[in-house]
Amino acid sequence: MSFVEGLNDRQKEAVLHTEGPLLILAGAGSGKTRVLTHRIAYMIEEKEVFPNNILAITFTNKAANEMKERVGSLVGDKIEDIWIGTFHSICVRILRMNINKIGYDRSFTIYDTADQKTLIKECIKEQNVDKEMFKEKTILGIISSLKDKMKGPDTYIKANEGNYYNETVGKIYDLYEKKLRKNNALDFDDLILKTIQLLRTNPDVLEFYQRKFRYIFVDEYQDTNKAQYELIKLFSERYKNLCVVGDDDQSIYGWRGADIRNILDFEKDFPDAKIIKLEQNYRSTKNILTVANSIIKNNNERKNKKLWTDNIDGSPVILNKAFDERDEANFVAETIRELVDSGKHKPSECAILYRTNAQSRSFEEVFMRRNISYKIVGGLKFYDRKEIKDIIAYLRLIQNPVDDISFRRVINVPKRGIGAATIEKIENYASQTGESLYSAILDVEDIPGLSKRATNNLTKFTDMINEFIAMKEVMDLKDFIEEVVNDTGYINELEKEDTIEATTRIENLKEFISVAIDFEMINEEGTLEDFLADISLLSDVDNMEEADESVTMLTVHSAKGLEFPVVFLVGMEEGLFPMGRALDSESELEEERRLCYVAVTRAEEVLYITYANLRTIYGNTTYSLPSRFLKEMPRAIIQDGDEERLNTQGFKTSNLSFGEIGKKDKLRGMNKNKQNVSIGSKVRHKKWGEGTVVQVKEKSGDMEIVVAFKEQGIKKLLLSVAPIEII
DNA sequence: ACGGGCGTCTTTTTT
DNA sequence: AGACGCCCGT
C-alpha cells in the first residue's frame, strides 16, 4: 500500500519528509489532516518507526479523535501506542505519573474557569483591598495572560515595584498560586506550566520523554502560546524531528495568548527547517475562494500564500441587506426553506455563523416560530450546569480531600444544616492550623465555638465522605457515581422540589451517569481520577452530534475546523464584525479579518452574507453601516440579493456600486429637509409608524433623536440615516 | 436560609 | 434587554 497515492505533489513531499524540522503551511481545506495521517502511517509502515516514539498534539479532543480514527484505519492496532491528544491531555498524562517529583500529589484536581473565579475571589477578599478597584475578572485575565507568557508572581511584583495596582495584582497572583498549591489543584494553564517545570527540574524525566517522542507533530501551530511553544521545544530538542502544521491566516486566538510569531518565526527558531505550502483547496468553489482571498490579502502580518482550486465556479456569493435582525433571520429561514424544499440541501448541511453568541437569539426565535429544527453550539455547557458541577465537586472532594473549593461547594448541598456561620468557624480554625477544610472537620471537636447540632451534622458529613472514599476503590465507576448521587441526598432533594426545572436537573444527572458508562466502555481500566480529568478537558464542539436534521448555529470561532455545504455569514456590520473595540488597533483588526476569512472558508458550495441596517445590541437600537470587509470582497462575483427583495418590501434601493454601500445609507434622506426636527415634532418611520420626538441632541456630527412611537415605544435614531419623514 | 431589588456588565473561549 | 452577583430584609 502506498501512502502517497492520490496526493498532490506538495502533499507527497510533506509525507515523505520525515527527518528534521518541517513547517507545513496548510491553507483552509487543503487536505492537511490527510497529509498528517498519511505521514504517520508512512513512517510506521515504511520507515519502521515505532508507534510509541510518535507524539501528535492537537488543540481539540475532536481533532485528536478524528486523527486517531483516521490513522487507525491505516495502521490498525498500532494506533494504541501512539500518543495522540491535546496539549492538555498529554500534559495530564505526564503529570499523573510524575507530578510528585515537583511536590504535588498525583491525585491533583483540575480547576476550570468557574473554580478559578471562586478561588480568585477568595484571594481578593483575603488581601483586604478595594474590590471595586480589583475586579476578579480583570485580575484573572491578567494572571492568565501572565501564565501564557510564563511569568510568575515574583517577576511580576519585582517588575512593578512602586506601582500600587500592579503590585497588588501581583500579590493576589501569588496568593492564588499558593492556594492552588494547597488545594493540590492545577488550572488549565498550569497543566502546561507544571509539565515544563517538571521537565526542567528533572533531567532524567526530560531525557526519557525526549527519547520517547522521537517524532513530534503539532497541529494548529498558529494557535500555540509561549508556554506551549516552550514545551514543544523541550520535547523536540534531542531529535529535532518536529513537524508543525498551521495556517497563519487562521490565527484567531491572539486574545487568548496565542502568539502568531510562533508560526511566522518557525524558520528562525528551527534552522534548516523545511517549509511546504499547501495551497490547493479541495473544499470550496472558485467563487467562495476568490472572496476569501480578496479579504485576507488586506492583511500585512502574514506569509505569502494564495489558495486556488480545481473545483467549479459554483453559484455566486449572495449578499443580503436586511432591515433589522429579525428581518435578517427571516431571510435566512426562508432561504433554508427553499433550499430544503427544492431538494438541493438538507437542513444539516446549513450553518449560520455569527460573531457573538448573543446574535443567536433572533435566529432561534424565528426558527422556532417557523418550525425549522436547529441546534446551537456553545452557550451554557453541559458541564457548567449547577447539578453537574455539584456532583463533580463531590467526586473531586472524594478523590482529593484537600480541595477546599469543592468542599465549599458541597458542604451544604443538599441542605444539611451547615450554614455560613459554621463554615466561617471551620475556615478560621483551618487557616490557623494550616490544614484543609476537610481535614479540619475530621477532628471536629477541636474546632472552637461550634454548636452541638453543627458538630453532629459535620460528623455525618465526614462519615459519608469517608465511606465514599473507601467505596470508590471497590466499585465500578458508574455504580459509584450513582451511589454518590443517591446517598448524598441530591436526587432526593430534587425530587421533593417537583418542578420542571428539577426534573431537567435529574435528567441531566442521568445523562452524566451515561457519560460515565461511555467512559468505562472506552477506558476499561479507567479510575475516578482519569474520569474527572477526562471530563474537565471536554468542550462543547466535541459533543456536537452529526448527521441529524437540523441547522447548526455557532460562532465563527467554534466553526474553525468545520465545513458546511451552505454557510450563512450573518451580522456583517461595522462595530459587530469587525467588533467595535478591535477598530483602534491594527493587529486586532487583522485578527478580525482572519476571523472573517475563517468564516468564508467554511463554505463548500454556497455562501450567503447578510447584514442589517438596524440592530439592537444590549437593549440599544442603533443604525449600523455594512462591514468594511464587505468592501474588500470583489463586486464581480457577488450577487446583491438585496434589490429584488427590498423592492417588494417597499424599500428604496439604488444601483450604487458595491464599494459604496456604506454611503448609500448616508445619502438616503439627506435631502428630505430633516433639519427642522425639534422636540414635539411628529415623525413617521418606515417600520414603526408615527411617533413624537421627545429629545434631540448632537452626536458625533450627526443628530440623535429620541422618538416615542405609538406602538413600539421609545427608540433612539440617527437623524441622517433613519428612514423617517416629518409630518 | 432564602428571595427581592438593585447595580453592573456585556467578544470570541480549542482546554 | 437580560443575566448575574451582591446586599439587605425577613
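Trainee: Let me start with one residue, R361: is it buried or exposed?
Mentor: R361 counts as exposed, because its relative accessibility is 56%. Here buried means under 20% relative accessible area, exposed means over 50%, and partly exposed is in between, with a 1.4 Å probe and protein chains only.

Trainee: What kind of model is this, and how do the numbers work?
Mentor: This is a predicted model, in which local features need pLDDT of at least 70 and side-chain atom pairs count only at pLDDT 80 or more, while totals for chains, interfaces and linings use all residues. Residues are numbered from 1 along each chain as its sequence is written, chains are lettered from A and ligands numbered from 1 in the order in which they are written, and side-chain values use heavy atoms, with hydrogens and water left out.

Trainee: Back to R361, then: which residue does its side chain meet in a salt bridge?
Mentor: The partner of R361 is E365, at 2.8 Å from N to O; a salt bridge is a side-chain nitrogen of Lys or Arg within 4 Å of a carboxyl oxygen of Asp or Glu. The two residues are separated by about one helical turn, because they sit four residues apart in helix 16 (residues 360–369). Helices (H or I, at least four residues) and strands (E, at least two) are DSSP runs, numbered from the N terminus. E365 counts as partly exposed, at 35% relative accessibility.

Trainee: And which residues are around DNA strand C?
Mentor: Around DNA strand C you find K121, K131, R361, Y618 and G619, where a residue is near a strand if one of its heavy atoms lies within 4 Å of it. Of the atoms of DNA strand C that come within 4 Å of the protein, sugar and phosphate account for 42%.

Trainee: New topic: how many salt bridges are found in the whole structure?
Mentor: The search of the whole structure finds 42 salt bridges. One of them joins the side chains of E45 and K78 at 3.0 Å, N to O. That pair links distant parts of the chain, since E45 is in helix 2 (residues 32–45) and K78 is in the loop between helix 3 (61–75) and strand 3 (83–86), 33 residues apart. E45 is partly exposed at 32% relative accessibility, and K78 is partly exposed with a relative accessible area of 35%.

Trainee: What about E230, which residue does it pair with?
Mentor: The side chain of E230 meets that of R200 in a salt bridge, at 3.5 Å from N to O. This pair also links distant parts of the chain, with E230 in helix 11 (residues 226–236) and R200 in helix 9 (residues 188–201), 30 residues apart. E230 counts as buried at 15% relative accessibility, whereas R200 counts as partly exposed at 48%.

Trainee: Where does N299 lie, and is it buried or exposed?
Mentor: N299 lies in the loop between helix 14 (286–296) and strand 9 (317–324), and it is buried, with a relative accessible area of 5%. Its side chain reaches the backbone oxygen of E590 at 3.2 Å.

Trainee: Now the backbone: which residues are joined by a cis peptide bond?
Mentor: One cis peptide bond joins V413 and P414, with omega about -5°, and P414 is in the loop between helix 18 (404–410) and helix 19 (420–433). The peptide bond from F577 to P578 is cis as well, with omega near 10°, and P578 is in the loop between strand 13 (564–569) and helix 27 (586–600).

Trainee: Why would anyone point that out?
Mentor: Because most peptide bonds are trans, and most residues other than glycine have a negative phi.

Trainee: Which residues have a positive phi, then?
Mentor: Among them are K240, which is not a glycine and has a phi of about 60°, and N371, whose phi is near 60°. K240 is in the loop between helix 11 and strand 7 (242–246) and is partly exposed, with a relative accessible area of 45%. N371 is in the loop between helix 16 and strand 11 (374–376), and counts as exposed at 69% relative accessibility.

How values were computed:
Polar contact = N/O pair within 3.5 Å; in protein donor to acceptor, adjacent residues only side chain to side chain.
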